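Student: I would like to learn how to read the features of a folded chain, one at a time. Could we begin with the way strands are joined into sheets?

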Amino acid sequence: MERVSATRKALKSAILIAALLLLAGCEAAQTEANLPSGAQKVAVFEGGEVTQGQVQEQLDLLGRQSGLGEITPDSPQYQSAIAQIMPQLVTQEIAQAYAREHGITVTEREVEREIGRIKDQLVRQARAQGQDIGREEAFRRALEQAGITEAQLREQIREQLPVQKVQERVAGDARPTEEEVRDYYEENREAQFTTPAQRCVRHILFNPDQRERAEEVKRRLEEGADFAELAREYSQDPGSREKGGDLGCIGRGETVPNFEEAAFGAEEGEVVGPVKTQFGYHVIKVYDVRRESTEPLSEVEDRIREQLAATAQAEKFQRWVERQEELRDIRYLPGYDPNPSSRE
């Protein structure tokens, strides 16, 4: 499954804005005896090759993304990095060779469509983070952050779209059966499709020696006083005090036992307490009760089918890549074979 995951990353990451640097500016290797730095072939197969320069670019990218800095042959992470990078590069180069051999190309309209998708994705992400910006501004900022130009991104898309088309040709028919969709739902209903019961609560926290004050404040609340105002006046919890004591919605196991028992034992709108915990005394108001709910299969089956189809296609494509490696007689320079034991 790790190799399948690597395959999917290799095919998708170059067109997602989070990986705009991937393989940017790679040039074809030369065959002369005195090769310039980076042009040495570290893997060759019928129809294509991987160069040391491509590997180094990926090492640099991995080092930046992981915070490891420069990854060199002397780095303790070097061999694991090579094992991660090489399958991705080989998969990409084999797919590109197949695309060349079978006349699989892309049009400028397809490139423009992919640029549009990237812009849409970026503006959705920005707005989800509370940034009120347009598509073009979100796109500009992402390019700037990635350190590349729009022209470089477009060129990368031109290189990557044929690879995606190859995947669609050789594995696009992989689809889950209705039984597989139902089985997945049943096996993952509780973990993925069930929302546990929650209580949305406000509280006013008093110090351990303030029980009488807590009881007094509770009486005022029962007489109609505003909970948020009293929380801002009396609560010793700096994290919620300025929010009127609002703790949001909590599930079981997310707070201390006494607090949980009181919150889950209360009805909507009820004020309970004082409740003693290791933090002091709490006066609690439950302002919303959310019962456990499960999404029915009819509402999630399309999502499940899409997820299972993507996994099935990735697995089928990976089997195709492995067969291509055999047919094309792939050979590695020592130290670059990601799985040497399987070739012995």
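Tutor: Two strands are said to pair if DSSP finds at least two bridges between them. Please keep in mind that this is a predicted model. Here 4 bridges join E1 to E2, and these two strands run antiparallel.

Student: Which residue stands opposite Val50 in E2?

Tutor: The residue opposite Val50 in E2 is Ala43, and Ala43 also stands opposite Tyr332 in E9. E1 and E9 pair in the antiparallel sense as well, over 2 bridges. In the hairpin of E1 and E2 there are 2 residues between the strands, and Gly47 takes a positive phi near 105°.

Student: What is the order of the strands in this open sheet of 3 strands?

Tutor: The order is E2-E1-E9, with antiparallel pairing. Strand E2 (48-51) and strand E9 (331-332) each have a single partner strand, so they stand at the edges and one side of each is left without a neighbour in the sheet. Helix H2 packs on this sheet, where it touches E1 and E2, and its direction makes about 50° with that of E2.

Student: Which residues of helix H9 are buried, and where are its exposed residues Glu229 and Glu233?

Tutor: In H9 (residues 227-234) the buried residues are Phe227, Ala228, Leu230, Ala231 and Tyr234. They cover an arc of only 165° around the axis, which means that they lie on the same side of H9. Glu229 and Glu233 are carried on the face turned away from that buried side. What covers the buried residues includes strand E4 (198-206), helix H8 (211-222), helix H10 (238-241) and strand E7 (280-290). At the start of H9, a side-chain oxygen of Asp226 comes to within 3.1 Å of the backbone nitrogen of Ala228.

Student: Why does Asn188 count as buried?

Tutor: Buried means under 20% relative accessible area. Asn188 has 17% relative accessibility, and therefore it counts as buried. Asn188 is found in helix H7 (residues 178-193), and its side chain reaches the backbone oxygen of Tyr184 at 2.8 Å.

Student: Which residues have the most contacts inside the largest nonpolar core?

Tutor: That core has 31 residues, and those with the most contacts inside it are Val55, Met86 and Val166. Among the elements that give it two or more residues are strand E1 (41-45), helix H2 (52-66) and helix H3 (78-101), and H3 gives the largest share, 12 residues. Leaving aside neighbours within four places in sequence, Val166 is in contact with Ala95, Tyr98, Ala99, Ile104, Phe317 and Trp320. A second, separate core of 16 residues includes Ile118, Leu122, Ala126 and Phe139.

Conventions
Residues numbered from 1 in each chain as written. Predicted model: local features only at pLDDT ≥ 70, side-chain atom pairs only at ≥ 80, totals over all residues. Heavy atoms only, no water. Core = buried A, V, L, I, M, F, W, Y, C linked by side-chain atoms within 4.5 Å. Buried < 20%, exposed > 50% of the residue type's maximum accessible area, 1.4 Å probe, protein only. Contact = heavy atoms within 4.5 Å. Axes fitted to C-alpha atoms, helices over the stretch in contact; angles between N-to-C directions. Arc of directions from axis to C-beta. Polar contact = N/O pair within 3.5 Å; in protein donor to acceptor, adjacent residues only side chain to side chain.
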